[in-house]
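Look at the sequence and the model first, then read on.

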Amino acid sequence: CSVSTPIRATLFPGDGIGPEIAESVKQVFKAADIQIEWEEHYVGDQIDPRTQSFLTWESLESVRRNGVGLKGPMATPIGKGHRSLNLTLRKELNLYANVRPCYSLPGYKTRYDNVNLITIRENTEGEYSGLEHQVVRGVVESLKIITRQASLRVAEYAFHYAKTHGRERVSAIHKANIMQKTDGLFLKCCREVAEKYPEITYEEVVIDNCCMMLVKNPALFDVLVMPNLYGDIISDLCAGLIGGLGLTPSCNIGEGGIALAEAVHGSAPDIAGKNLANPTALLLSAVTMLRHLKLQDKADKIQDAILNTIAEGKYRTADLGGSSTTTDFTKAICDHL
Ligand code: NAD
């Protein structure tokens, strides 16, 4: 992809604060002179029978066709009986790995200044298989599915990522002492892949101990790979280490090279429509999308502008203790560019 040929990418502005922070990305990309055509898709207001969710078939086709996309948060009503939008995307597009870099931001003081880790979450199965039912009144059952195929695939991705990004260690996070069959199989697959990468140190850490170690000293970790639910929880914990959900990006990797970048946070209904959201997480997610497209210079330029704006401290949103609006903060980043 060269800078002169416009990139086509799918954009899901999403719900709640989604459209506000998606607007911020569009403005920053414009200021950075990135030739991009966004194919915008909103979540529908009726269930599309072809996807069995409010996501339309056309929007999924758009991601398949473009191979890259950016996704704002999507709200999933609790217990309302329709398929989660995020689950639909992950399943339909086979987005098997969710990669979440988490590093201390220069100039923004938190309890730690040495966080630099990557969580890699299996994204298609585990407790998120959507297989729940009532056994008898008052008793429900949820199935946790772990397969050899999905575990090998995410483990391979984690080790390959570590090798190609100059990382030294991969930690597999599990609870195989209790979930011997499911997490046991996950670990077995990680061990098999680890053998192919002797240059990368491999270790296994029980999830509860991992939480304690992360809070005590996050520098103990480098790349972490784990089943779905643990990844969901640990990556939010990691976001807390560096200043909160407004800051952490992610990218979903799918088969056939699809990359759908998204912020880790949700639709933040408490601040939606108030011009208060921090767009950093979605902006840094968009940066990962540019890196996936091998537009490293543009990605570096935007990332530097974001980090310098935060480090300067003049414009910060409320979640970082400042009083800037989303638009003020976005403008400050554009000025840096
Ligand atoms: P949330 O992430 O939306 O909000 C948690 C807290 O973090 C809130 O106080 C919110 O104001 C704050 N916050 C989040 N993003 C922020 C930002 N960019 N700037 C400033 N503050 C920010 O989590 P929730 O309230 O548990 O979930 C709300 C909805 O989002 C639910 O419907 C949930 O299902 C959905 N959700 C979607 C995704 C996704 O699309 N990937 C992820 C998580 C939650």
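## A strand inside a sheet

Strand S11 is covered on both faces: Pro249, Cys251 and Ile253 are buried on one side, and Ser250, Asn252 and Gly254 are buried on the other. The model is a predicted one. Six of the six residues of S11, which spans residues 249–254, are buried, so this strand is largely enclosed by the rest of the structure.

Strands of a sheet pair through backbone hydrogen bonds, either parallel or antiparallel. S11 runs antiparallel to strand S4 (residues 95–103), and four bridges join the two. S11 also pairs with strand S12 (residues 259–263), again in the antiparallel sense, over five bridges. Some of the bridge partners can be named. Ala97 is partnered with Ile253 in S11, and Asn98 with Asn252 in S11. Asn252 also has a bridge partner in S12, namely Leu260.

S11 and S12 form a hairpin, with four residues between the two strands. Gly256, in the turn, has a positive phi of about 80°.

| Helix pair | Residues | Angle | Distance between axes |
|---|---|---|---|
| H4 and H5 | 148–164 and 182–195 | about 45° | 8 Å |
| H6 and H7 | 207–216 and 228–242 | about 10° | 11 Å |

The angle of about 10° makes H6 roughly parallel to H7. In this contact, Ile207, Cys210, Cys211 and Leu214 of H6 meet Tyr230, Ile234, Leu237, Cys238 and Leu241 of H7. By class, the residues of the contact of H6 with H7 are nine nonpolar, no polar and no charged.

H4 and H5, in contrast, are oblique to each other. Their crossing is right-handed. On the H4 side, the residues in contact are Arg148, Ser151, Leu152, Ala155, Glu156 and Phe159; on the H5 side they are Leu185, Phe186, Cys189, Cys190, Glu192, Val193 and Ala194. The contact of H4 with H5 has nine nonpolar, one polar and three charged residues.

Most residues other than glycine have a negative phi. Where does Gln52 lie? Gln52 is in the loop between S2 and helix H2 (57–66). Its phi is near 55°, a positive value in a residue other than glycine. Gln52 counts as exposed because 12 C-beta neighbours lie inside 10 Å, and the cut-off for exposed is 12 or fewer.

Asn94 also has a positive phi, of about 55°, although it is not a glycine. Asn94 lies in the loop between helix H3 (85–92) and S4. With 17 other C-beta atoms within 10 Å, Asn94 is partly exposed.

Methods: Residues numbered from 1 in each chain as written. Predicted model: local features only at pLDDT ≥ 70, side-chain atom pairs only at ≥ 80, totals over all residues. Axes fitted to C-alpha atoms, helices over the stretch in contact; angles between N-to-C directions. Parallel < 35°, antiparallel > 145°, perpendicular 65-115°, else oblique. Left-handed = near helix turned anticlockwise from the far one by under 90°. Contact = placed C-beta atoms within 7 Å. Nonpolar A, V, L, I, M, F, W, Y, C, P; charged D, E, K, R; others polar. Buried ≥ 20, exposed ≤ 12 C-beta atoms within 10 Å, placed from the backbone. Pairing = 2+ DSSP bridges.
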